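Please open the structure in your viewer and keep the selection tool at hand. The stops below say what to select next and what is there.

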Amino acid sequence: KLQFLYLIGRVAGGTQRRARRACPPSPLMTPTGRAAVALCLGAQALCAAGLAVPSKEQLEWHHWQVGAMITWNLQSLCVPSAGDPRASSQRCQKLGWVPTVDAARAWNPSRLDTDQWVEAAVAFGAQYVVLVADHMTGFALWDTQAHNFSMAHTAWRGGGGDVVKEFAASCKKYGVRPAVFYSTHYNWWAGVSNYVPGWPALGGRQYTAAEFDELAAAQLTELLTSYAGLVEVWFDGGMQVDRTPKARAVVERLAPRALCHSCQGWDHGHGVRWMGNEEGVMPLPSWGASTGDPKGDPRAAIYQPPSVDTVLSEHYWFWYPGIEEHRKTTHELVSNYLTSVGRSANLMLNIAPDDTGAVPEGDMRAYHALGAAVRCLFNDTLFASSAAAPLAAEGGYQATYTFPSPLSLRNVSVALREDIRQGQAVGGYTVALVAGGAPVAAYNGTGIGYHRLVNLAAPGGAPFRADALVVTARALFADAAALAGVAVYDWAGKEECDG
């Protein structure tokens with residue numbers, strides 16, 4: 001079952017013309033030799049500027065590969081209609097009931113333990129954790145001074161509690177990076193729905209658009225000044241900068257180098273984008289540059305790498321009782337890992353504590369099982385090299401990695417890392433295991449990026465021998481490109497890694 005799963009996304013083979021120069025404008029050639037798109041779109045300025053280049057912070061973000069999102073907020077008290085077979089606690093507003101201010105004030109999540117939250121994230125390899133500090137409700141997990149609709153005004157800790165503060169301390173304790181999630185498009189407290197004010201307000205007073213912008217700016221100022229080391233600010237549904245200009249100015253002033261998730265239209269060069277679905281599957285080809293298209297565009301002027309967010313229980317972002325049957329299997333979670341991290345994107349998996357603040361035991365077991373499965377898959381390294389390897393005309397646009405001794409193989413995973421410091425340049429490519437110069441197993445794809453995993457196996461799964469790995473660029477979006485490293489992992493006998 002592993003082999004079938006990991007072959008998803010395999011593309012047909014075929015010959016393709018040798019990589020071509022990006023400037024002056026020249027066509028990227030298809031396997032049939034027909035011009036498909038103009039590499040430079042006829043824009044000399046884009047050619048002169050070169051490809052979109054990642055910032056130092058974006059390169060570091062790529063290196064993290066796996067993150068977690070703590071989805072715990074007032075929605076954890078919602079009770080959706082049982083008549084909706086896909087009822088999700090995030091839909092409680094649409095179903096006609098939201099927790100009242102009195103219900104929020106009476107809330108006492110007695111088992112809340114941010115150490116447990118972060119332990120769950122670490123269990124499946126998360127290197128950074130995003131806390132949903134406010135999700136559409138206006139209810140703040142920190143002691144905001146903007147209003148009294150927050151955890152500090154509940155029964156928890158006898159009043160005055162600050163979940164964000166405890167979360168940040170737990171991240172420091174476990175050596176992971178903290179980040180926050182904040183909503184600017186919905187706010188139940190202020191009566192704002194999809195940026196439009198005038199809706200029923202839990203706070204009793206409907207905010208104007210200008211007042212809501214002031215509110216968002218004040219709360220973002222609190223988050224970005226009170227909690228040090230936030231590496232990412234995630235805006236649910238994106239931030240429409242024309243609707244909340246003061247909020248945008250706060251982020252640019254107080255966190256100019258922080259990664260900004262869903263900050264479309266911002267040109268500060270530290271953006272991260274949503275890639276179009278919540279299924280845990282990055283569409284191929286995967287491009288780091290984008291100017292709005294979730295799938296990316298290799299010719300786009302801004303580098304905004306894709307973040308693949310998905311849920312543990314399909315499709316529940318927040319806790320809801322009795323959803324154990326919707327929890328993904330380890331096999332499904334491993335698939336999410338391979339179709340995100342294995343496609344030059346970061347995986348963001350949710351953690352949904354229950355209404356008492358605790359991560360359910362079954363969820364904890366699932367997170368640990370995912371971490372163990374990934375370690376199992378990649379614990380047999382047959383070959384690895386971090387040597388830079390150019391893909392240029394003088395080398396036939398080819399990089400060859402010769403093994404110290406021939407390998408006997410049956411089913412392997414190959415990790416490719418493109419040197420993207422000057423942009424993602426590789427279009428079409430072929431990776432092949434060869435013996436005596438002849439390919440014995442090969443894969444044809446488009447777009448490598450920071451980290452691409454491909455599965456190689458001989459037809460019929462028969463054992464074979466190989467003495468080298470050869471990577472050939474069949475199309476480039478620049479004069480030349482380079483690989484930053486490769487690795488070959490033995491997947492023979494790994495069918496039970498995912499339980």
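The tour goes from a helix to aromatic rings and then to a cavity.

This is a predicted model, in which local features need pLDDT of at least 70, side-chain atom pairs count only at pLDDT 80 or more, and totals for chains, interfaces and linings use all residues. Residues are numbered from 1 along each chain as its sequence is written, and side-chain values use heavy atoms, with hydrogens and water left out.

**Helix 5**

Select residues 114–123, which make up helix 5; helices (H or I, at least four residues) and strands (E, at least two) are DSSP runs, numbered from the N terminus. Just after the helix, select G125, which takes a positive phi of about 95 degrees.

**Aromatic rings**

A search of the whole structure finds 16 aromatic pairs; rings of Phe, Tyr and Trp (its six-membered ring) pair if their centres lie within 6.5 Å, and planes under 30 degrees apart count as stacked, over 60 as edge-to-face and the rest as tilted. Select Y337 and F378, whose ring centres are 6.4 Å apart and whose planes stand at 50 degrees, so the pair is tilted. This pair links distant parts of the chain, with Y337 in helix 9 (residues 330–338) and F378, 41 residues apart from it, in the loop between helix 10 and strand 13 (381–385). Y337 and F378 are both buried. Finally, select W72, W107, W117, F139, F149 and W189, which form one aromatic cluster.

**The second largest cavity**

Show L51, A52, W287, G288, A289, P298, Y303 and Q424, which line the second largest cavity; on a 1 Å grid over the protein atoms alone, a cavity is a set of points where a 1.4 Å probe fits but cannot get out, and lining residues have an atom within 4 Å of a point. By class, this lining has 6 nonpolar, 2 polar and no charged residues, where Ala, Val, Leu, Ile, Met, Phe, Trp, Tyr, Cys and Pro count as nonpolar, Asp, Glu, Lys and Arg as charged, and the others, Gly among them, as polar.

Definitions and conventions
1 Å grid on protein atoms, 1.4 Å probe; cavity = no way out; pocket = protein on both sides within 12 Å on 5 of 7 lines; lining within 4 Å. Buried < 20%, exposed > 50% of the residue type's maximum accessible area, 1.4 Å probe, protein only.
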